[in-house]
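Colleague: I am new to reading protein models. Please walk me through one.

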Amino acid sequence: MKLHLSSLTEQNMFTGYGAGYVLVNRIRHEQNLIVLPDRIIENWGTTTFEQLTAEHFDFLLPLQPEMVLFGTGARLRFPHPKLTQALIRSGIGVEVMDTSAACRTYNILTDEGRRVAAALLIQD
């Protein structure tokens, strides 16, 4: 699916997504990644949902987002609460959704000027 930008911006925005990929500023990414308005971190360090550890989420702490949108791939799956505990204790919101919903939500929140991070599992 292609997405359309609502305004001209120099921030990272999702411009499309599909099975096994996302487009950020029209550039295709096929590996798990973290997207912030001003930065993209490729190869997030996990390969599957089952391999997630607290350290994968702790990696997001120094990025200082207001909220983390965790995209779980093609289907919605909830990580164990202990994995996101440090984010929540630090006052960072965590929302879990499938990756396509995370892309759409990220664009809306970024367009509103929010400091949001999308941590996405692309490969299931």
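Modeller: We will take the sheet, then the salt bridges, then one histidine.

Modeller: This is a predicted model, where local features need pLDDT of at least 70, side-chain atom pairs count only at pLDDT 80 or more, and totals for chains, interfaces and linings use all residues. Residues are numbered from 1 along each chain as its sequence is written, and side-chain values use heavy atoms, with hydrogens and water left out.

Colleague: In what order do the 5 strands of the open sheet stand?

Modeller: Start with the terms. Helices (H or I, at least four residues) and strands (E, at least two) are DSSP runs, numbered from the N terminus. Two strands pair if DSSP finds at least two bridges between them. Here the order is S5-S4-S8-S6-S7, with mixed pairing. S5 and S7 (93-97) are the edge strands, each with a single partner, so one side of each has no neighbour in the sheet. On average, neighbouring strands are turned by 15° against each other, direction ignored. That angle is taken between axes, which are lines fitted to C-alpha atoms (for helices over the stretch in contact); angles run from 0 to 180 degrees between N-to-C directions.

Colleague: In which sense do S6 and S7 pair?

Modeller: They pair in the parallel sense, over 5 bridges. Look across the pair: Phe-70 faces Val-96 in S7, and Leu-69 faces Glu-95 in S7.

Colleague: How many salt bridges does the structure hold?

Modeller: First the idea. Side chains of opposite charge can pair when their charged atoms come close. A salt bridge is counted when a side-chain nitrogen of Lys or Arg lies within 4 Å of a carboxyl oxygen of Asp or Glu. This structure has 4. One of them joins Asp-38 and Arg-115, at 2.9 Å from N to O. Asp-38 sits in the loop between S4 (33-36) and S5 (39-42), and Arg-115 in the loop between H3 (99-111) and S8 (116-120), so the pair ties together parts 77 residues apart in sequence.

Colleague: Where do Glu-50 and Arg-77 lie?

Modeller: Their side chains also meet in a salt bridge, at 3.8 Å from N to O. Glu-50 is in the loop between S5 and H1 (54-58), and Arg-77 in the loop between S6 (67-71) and H2 (81-89), so this pair links parts 27 residues apart in sequence.

Colleague: Are Glu-50 and Arg-77 buried or exposed?

Modeller: Use the cut-offs: buried is under 20% relative accessible area, exposed is over 50%, and partly exposed is in between (1.4 Å probe, protein chains only). Glu-50 is exposed, at 61%. Arg-77 is buried, at 10%.

Colleague: What does the side chain of His-29 make a polar contact with?

Modeller: A polar contact is a pair of N or O atoms within 3.5 Å; within protein, one must be able to donate a hydrogen and the other to accept it, and residues adjacent in sequence count only if both atoms are side-chain atoms. For His-29, the partner is the side chain of Glu-42, at 3.1 Å. His-29 belongs to strand S3 (residues 27-29). His-29 is buried, at 6% relative accessibility.
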